[in-house]
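Please keep the sequence and the model at hand while reading.

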Amino acid sequence: MPVIAIAVVGMLIIIVISLVVYNVSLNKKMSKYKSINQRITNLQVVQDFMNTIGETSTVEQKIQKINEILIEKYEIKYSTIVVFNGAEYEIKASNVDKRHWESLKKLQDVDMFKDSISTATPKYVTVNNEQERLPYQQMEFGRAKSAIFFPLYIDNVYIGYWIIESGTPHDFDNVDTTILEVIKDNIVSVLKTVTHQKTLESIVRKDLFTGLYSEEYLYGEGKKIIDQYTISTICMFKVINLEEINKKYSRELGNEFITVISKVILENIVNEYVFVRYMGPKFVIAFSGVEISGVADFINDIKYKMENLQISVEYKGAKQTASPKINFVLSSYYKGTGLEEVLKKEEEYLDKADVKESNITNI
């Protein structure tokens with residue numbers, strides 16, 4: 001019996017050891033699976049971020065969409081992105097009720113977060129029971145019981161913060177902060193990218209003589225219209241004798257040139273087309289959703305019509321009359337590619353062309 005008992009015990013020990021080894025192996029596989037799954041999620045989030053940046057929407061809409069992606073993909077209860085606009089802190093995106101926004105906009109003044117900002121490190125705060133509240137909350141008792149505060153920097157310059165919150169105490173005790181840091185970096189990248197768009201949106205002006213938008217309009221609101229289509233034709237034209245008119249006759253006649261030419265174009269294009277005064281004697285028409293072959297007849301007709309105009313002004317008691325000469329260049333633009341590159345190529349062509357060239361050229 002003792003021999004049998006020893007054998008049974010030995011077998012049980014072997015079985016227990018085997019189960020332990022199996023469980024360890026299984027846990028490693030599960031951890032590896034979770035890690036791979038998390039990486040896939042992270043890649044998907046980054047891709048969603050990039051897609052959002054490329055969407056035809058305002059900066060505010062893009063940041064709000066990014067916040068929604070974070071909440072959905074990482075199952076975050078509350079997420080708020082706050083950015084300093086140069087004058088004050090403003091909430092760019094949040095799923096928290098607006099009645100709490102005032103306190104969320106002032107977290108940079110809370111002592112517990114000041115050190116986080118100065119050291120560029122995240123700050124985790126939580127309570128121990130449901131009856132407590134987080135120190136930065138003034139009138140909120142039941143909404144958030146734990147939070148992580150992330151200061152945001154662009155090129156070592158503090159620009160605001162991202163804060164995630166949960167209604168459960170100690171909910172972020174075991175969270176993978178490495179993943180959250182990656183998310184934070186992606187938020188910064190997005191903010192850095194859309195900052196350029198915001199700048200363009202804010203500097204768009206209307207030309208004094210024509211009432212047309214300036215070049216910057218093309219990269220903001222104009223691009224939204226153009227990118228509703230897969231392919232469009234970008235036409236840039238230059239009034240090649242404008243400088244001569246200004247010198248030979250008067251600037252008043254040159255200004256009248258610009259005004260009349262703009263009016264002729266506006267009277268002959270539809271609302272889906274974007275028309276701007278690009279710079280000085282140059283203009284741009286974006287034929288949204290139309291290929292080059294589809295605008296050829298129009299360009300020929302409009303060129304003929306403009307160059308046969310007799311534009312006149314009264315200047316110092318004398319009538320001045322002249323006709324414009326126009327040089328056109330056309331290029332195809334594909335949604336998702338660089339519109340600025342197309343415009344740069346066209347502008348370079350017009351600037352390098354012979355001063356007397358008055359043609360229609362496809363490049």
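The report below treats the chain as a whole, then a sheet, the helices beside it, and some single residues.

**The chain as a whole**

The structure is a predicted model. The chain holds 10 helices and 12 strands. Of its 363 residues, 42% are buried.

**The five-stranded sheet**

Five strands form an open sheet in the order E7-E8-E6-E11-E12, and their pairing is mixed. At its edges stand strand E7 (274-279) and strand E12 (360-362), each of which pairs on one side only. From one strand to the next, the twist averages 20°.

| Strands | Sense | Bridges |
|---|---|---|
| E6 and E11 | antiparallel | nine |
| E6 and E8 | antiparallel | six |
| E7 and E8 | antiparallel | five |

Strand E6 covers residues 231-239, and strand E11 covers residues 326-334. In this pair, isoleucine 234 stands opposite serine 331 of E11. On the side of E8, cysteine 235 stands opposite isoleucine 285. Isoleucine 285 of E8 also has phenylalanine 275 opposite it. Strands E7 and E8 form a hairpin with two residues between them. In that turn, glycine 280 has a positive phi of about 55°.

How far is E8 enclosed by the rest of the structure? Six of the six residues of E8 are buried, so this strand is largely enclosed. In a regular strand the side chains alternate between the two faces of the sheet. In E8, Lys282, Val284 and Ala286 point one way, while Phe283, Ile285 and Phe287 point the other way, and all are buried.

Helix H10 (residues 339-352) lies across E6, E7, E8, E11 and E12, and runs at about 30° to E6.

Helix H9 (residues 292-307) also meets helix H8 (residues 251-268): their axes come within 11 Å and cross at roughly 145°. This crossing of H8 and H9 is right-handed. On the H8 side the contact is made by Ile261, Val264, Ile265 and Asn268, and on the H9 side by Phe298, Ile302, Lys305 and Met306. Sorted by class, the contact has six nonpolar residues, one polar residue and one charged residue.

An α-helix has 3.6 residues a turn, so residues three or four places apart point the same way. The buried residues of H8 are Leu253, Gly254, Phe257, Ile258, Ile261, Ser262, Val264 and Ile265.

**Single residues elsewhere in the chain**

Valine 83 is found in strand E1 (residues 78-84). Is valine 83 buried or exposed? Its relative accessibility is 12%, so valine 83 counts as buried, the cut-off being under 20%. Leaving aside residues up to four places away in sequence, valine 83 touches Glu88, Tyr89, Glu90, Lys92, Ile159, Gly160 and Leu191. Valine 83 and tryptophan 162 are 79 residues apart in sequence, and their C-alpha atoms are 8.7 Å apart in space.

Two residues other than glycine have a positive phi and lie in loops. Aspartate 155, with a phi of about 50°, lies in the loop between strand E4 (146-154) and strand E5 (157-166). The relative accessible area of aspartate 155 is 57%, so this residue is exposed, the cut-off being over 50%. Histidine 170, with a phi near 60°, is found in the loop between E5 and helix H5 (177-203). Because its relative accessibility is 32%, histidine 170 counts as partly exposed.

Technical notes: Residues numbered from 1 in each chain as written. Predicted model: local features only at pLDDT ≥ 70, side-chain atom pairs only at ≥ 80, totals over all residues. Heavy atoms only, no water. Axes fitted to C-alpha atoms, helices over the stretch in contact; angles between N-to-C directions. Helix = DSSP H or I, 4+ residues; strand = E, 2+ residues; numbered from the N terminus. Left-handed = near helix turned anticlockwise from the far one by under 90°. Contact = heavy atoms within 4.5 Å. Nonpolar A, V, L, I, M, F, W, Y, C, P; charged D, E, K, R; others polar. Buried < 20%, exposed > 50% of the residue type's maximum accessible area, 1.4 Å probe, protein only. Pairing = 2+ DSSP bridges.
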